[in-house]
Amino acid sequence: MTGLALIITYCFLCCLPCCMTNYYSNCYPLRHPKYVNYPICYVTSISAYDSTLKSIPEDVPALALVCDNFARTSIMSPGVFSRFTSLKSLTIEVCNISLVTSSSFRGLSGLQELLIFNSIVPELASNTFEHLVSLEVLVIVETKTPRLPDISHMTSLRHLNISHNDLHEVASTVTNLSSSDSRSRLTLIDLSYNNFTSLPWEVIRGGSSLESIYLKGLPSVTEITFPKDVNLKNVLVLHADNTHLKSVEMSSLESATQLQELHLFGCNQPLNLSGFDVFTRLIELSLNEFGITDSIWSELNSTELARLDLTNNNLTTVHIWQLPSLRVMRLGENNIAELAEGTFDRQLGLLLLNMSFNDVWVLPKKIFQGNPNLQALMLDHNKIKRLDRETFSFVTQLFYLDLSYNEISIIDRDVFRDLVSMRFMYLQGNKLLSLPTINHMLELNTLNVSYNYISQIVDGEMGMLKQLEIVDASNNMLTFVVPHMVSDCTSLLMLNLQNNFISKVGTFGFHPNLQMIRLDNNSITDFESASPFINMLNLKYLFIDGNKLVTLRPNWFPVSTVSITLGENVITEFFSTSFKNLPNLTTVNLVGNKFAFLMPSYSVNTFKVNSPKPVFEVSHNTFWCTCDMAYLKVIIEDGYSNNVFIDYYPKFLGLDTTFCLTPYENYTERPIADVPLSHFACQYNETFCDILCQCCDSPLEECPCALTCPEFCKCYQAGSGFKKTFFHIHCNDKGLEKVPQEIPSRATSVYLDGNSLNKLTQYELAHLSKVEILFLNRSKIEYLGDGLFDNCTSLLHLRLDYNYLISISKSLFDKLIELRSLYLNDNLINFIAKEAFANLNSVEIITLDKNRLIMLDAVYGISSLKSLTLSGNPWQCQCNTSTDVLRVLHALNDIIVDRGNMCCYYVGTARAEDEVSAATVQLLTKLSELSDRTCYNLMIFPYEDLCVLRADNVTGSYATHSSPAESLTLLVCLVVAMFVLLLIAVVVLVIIFKGREVQAWVYVNLGVRVYDKKAVIDKTDAGNKYFDAFISYSNKDSEFVSKVLVPALDEKGYRLCVHYRDFPVGQNITDTIFRAIEESSRTIMLLSRHFVESEWCRFEFQTAHYHILKEGSHRLVFILLDDLSDDELDPDLKVQLKSKTYLKFGDPWFWEKLFFALPDVRKVKDGTTEEDALNGMRILAGEKIVNNNDKPATVIQADIVLEEKC
């Protein structure tokens, strides 16, 4: 045993307090083999001012100081220990030392032992220990110090442990020590777990008394070769575990003839065993990861060898006849495939054998007959296929057996009959079909038979196993759990049956100790008749997730339950007592249920006021978001601010990842956070009273708070009593001619849209004092009586759009001070009283578009307004009205959302007033006539040019009179102007009716494009599109394409893409079509009956249509070969034909129009025809080519791409 281990063992682990009273202040006595008076003291910090340190007597011979507050730094000032003149042993532990000086240990010249570990120590000066001249034991462990002070003056030092630090070298601190005669006193050196780049031989060179050398965990040391002047004749222990050595010169250890323990760790580099035969007294040998072969067996000749570890080498056989003293042998991770009979016959004292991760495929019958004392056997991860009945007959002391992850399928049920001492048995990962006989193993503690093919565990197979604590039968083929399967295993703590096919579970009875049951990932749909767990006395953790449970019934869980995992089931229903009487419950996991489910408040608010509340994990679920689930929405919005939630409800986690399936939203699924509280609704049809209304037994006229529902309407109760309740009445599209009086007075949302209400008088809405949302749109309303909304003071949103309203009176909206949005668009309103909106102090949205307004005074000065629509009204450009309109527009410019579409009409006057009820159709017709007038954008209307200047001219005409000559000149100018205007009119008419022909003629004959939007596209496409046009057609029209269309376009020099010559063979046809359209400036579509009947032609049209929507460009050219009716056309194709002018083959101007519709012919150099064709195919195949000459700028040379890939 090392010196450090000896000291720690005696001083801290094995030492017992003599009494629990204070020895000194915050000090307690420890028993020590050497010192009678040895206190351990808990100090705040090590300093001269610490009260505990000051209270310790001066003559104490040994002292251990433990800092109880690591955050407080210790300042070891000069002479801090100087008064302890008799001190022989000093231990410092768990301290944060910020200062150590050369005088900190002044006065401790007689100190023999200094131990500092698990502390933070600053870099120490070289003379820090200059006063410690008598030191025999120096331990500085786990301080991360980068430097060791000078210890060369410590002539009595025999034990040096400086492991677990950050040392890189120690040569400068031990030079004198290594050259001194006194160095022979050093018996133990521990340099482990530092950062030495090479071994510090200065410490150990020539030490004739050295017995133990520890070189563990030195990551930068890869070689051990002891210098010749290093005397190892007395070395008993050499440990270099966890130091990955590439080379070990065994011959340099030839002087270590007394070596008893040798531990070396390699990195799969071969180890030269030359000279190994000198170690004849070895007791422990560990050579890991050296690639050692079977030649090692001839080198091992120590008859005293008790522990042998050759893990992770290249052994294929086992020959240990010459090692009769072996107690522990580890041969795991080799290539051993076969064990001969008698392999272990001479190892009578063998206690542990580890042969994991080999290739053993068979165990001879009497392989262990010579090992009666064997206690632990590890044969996991081999290839054993069967076990003979006699295999374990001779190892009756065996208590640990690991046969996991073999291929055992054939096993005699009595193969383990003699293993009466067995405590830990691991058989997982085999091919067992049934459980072997184990009920005679009375001391069995752990049984693992997971990952096999066991289909049943019959009653009594685990009977009498009173010491059994853990059973793992997961990942088998069990289909049911027999009643009382483990009832006799009274010590059982954990039963794992997960990942089987269990559909039925029998009762576990009154099992006294079973704490955890795992039944997750099975096929359980329900627990028939009664819960199998309810009578268990100590069940705490129950896993039944990943099953097929539909209903969570009452009284399933015993009162001892702490955690329930129910996720990934198909639960749709909870009962009010599902979680009742569970005072110890801390966690319920409902994550990832596969169906939407309802978890009403009454099913979870069953916990007592003063009891701890469990956590419900509900992430990744979908809830039925009805009124019963509104409490969850309140928790999301307000947290647990309500005391009822604090007192009775669990804590919910994962609500941010849950979704709602909301009946009120037509079963739309969206995140629960996005569903408003008012949509957590339950439908009702019959009159009822909630908790706030107690008069339902009285006649309805005497019970205004009763919740009624008008006939043919749908009514909903929504929200939560914890925050706010809502009542929605949906009477939309019912053909109603008046407002139903059965609408309850507590209604918050009323939908009357889509009816025929015509006129609403003053008192029809008088009882709706709570309404917040009112829809009256699309209801053919012509008249709204004053005072109609006077009682609707809570109204927030009002829709009156799409009606026949003519005017808005001054007092109609006077009482709606809370209104947020008002929709009046799509009516016939020609007058709004100036003060009509004066009291709408909160309104943010008003829509007035598509009416007959010519004045804007009513909307001026509303400070809260954020959005206003005004387009589609007949604003007049007359000088007597435009000034007022422009003034209001300027003031409201930022909030008019459709200001770009506002027009005024300069021709015509305001229309005469009509009676709407008698002339609705005529008025609508007059509105449509506005499209024939000259429309000016009202935001850029030239008011000064058309109004101010004209006024000046009029004024001048009254002041002066023109002469006859001036009048003649004016007449001539007028005639010339009339002639020019007539000529312009003729040209305009020609352009209007023959514009395309004129454009085509000018382009074909003069090469000039007149007013052609496609020219901008072609300029953008220049160099970016490889083809001028892609021709889409039906194969049945191929004759027209190949003999008429393509030759004519080829002759003109257009670069075309057509199926029969350009599509690459073997490529995906849909990808090729997509690339063809994308790489073409135009797509020509030959429309015929064959085209509309072809699936591929429709696909090509849809792809081209997608590009039109994506780029907003005009790239489609339609050529009509057959006359087609609307019924024969695809809807999108029909829209395109109506919005674009098509070419009809047979038109005298057909070819001119076609050439005009295509881009300009690009200039192509001679001799590039074949290369262009090849490049076209490569582009359609998805390759990229370089941009040179006339090739597109968007492609890159394929050869370079391929070269880079190689």
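1. A word on terms to begin: a residue is called buried under 20% relative accessible area, exposed over 50% and partly exposed in between, using a 1.4 Å probe and protein chains only. Cys625 has 1% relative accessibility, so Cys625 counts as buried. Cys660, at 0%, is buried too.

2. Please keep in mind that this is a predicted model, in which local features need pLDDT of at least 70 and side-chain atom pairs count only at pLDDT 80 or more, while totals for chains, interfaces and linings use all residues. Residues are numbered from 1 along each chain as its sequence is written, and side-chain values use heavy atoms, leaving out hydrogens and water.

3. Now the disulfides, meaning pairs of cysteine sulfur atoms within 2.5 Å. The whole structure holds six of them. One joins Cys625 to Cys660, with 1.8 Å from S to S. This link of Cys625 and Cys660 is left-handed, at -75 degrees about the S-S bond. It ties together distant parts of the chain, 35 residues apart: Cys625 is in the loop between β37 and α6, and Cys660 is in strand β39.

4. Another disulfide connects Cys709 and Cys715, with sulfur atoms 2.1 Å apart; this link is right-handed, at 90 degrees. Cys713 and Cys731 are also joined, at 2.1 Å, and their link is right-handed, with 120 degrees about the S-S bond. Both Cys713 and Cys731 are buried.

5. Next, have a look at the open sheet, whose five parallel strands come in the order β58-β57-β59-β60-β61. β58 and β61 stand at the edges with a single partner strand each, so one side of each has no neighbour in the sheet. Here strands are DSSP runs of E with at least two residues, and helices are runs of H or I with at least four, numbered from the N terminus; two strands pair if DSSP finds at least two bridges between them. Five bridges join β57 to β59, and Phe1027 has Ser1080 as its bridge partner in β59.

6. Phe1027 also takes part in an aromatic pair with Tyr1026, edge-to-face at 5.2 Å centre to centre and 75 degrees between the planes. Rings of Phe, Tyr and Trp (its six-membered ring) pair if their centres lie within 6.5 Å; planes under 30 degrees apart are stacked, over 60 edge-to-face, and the rest tilted. Tyr1026 and Phe1027 are both buried. By this rule there are 39 aromatic pairs.
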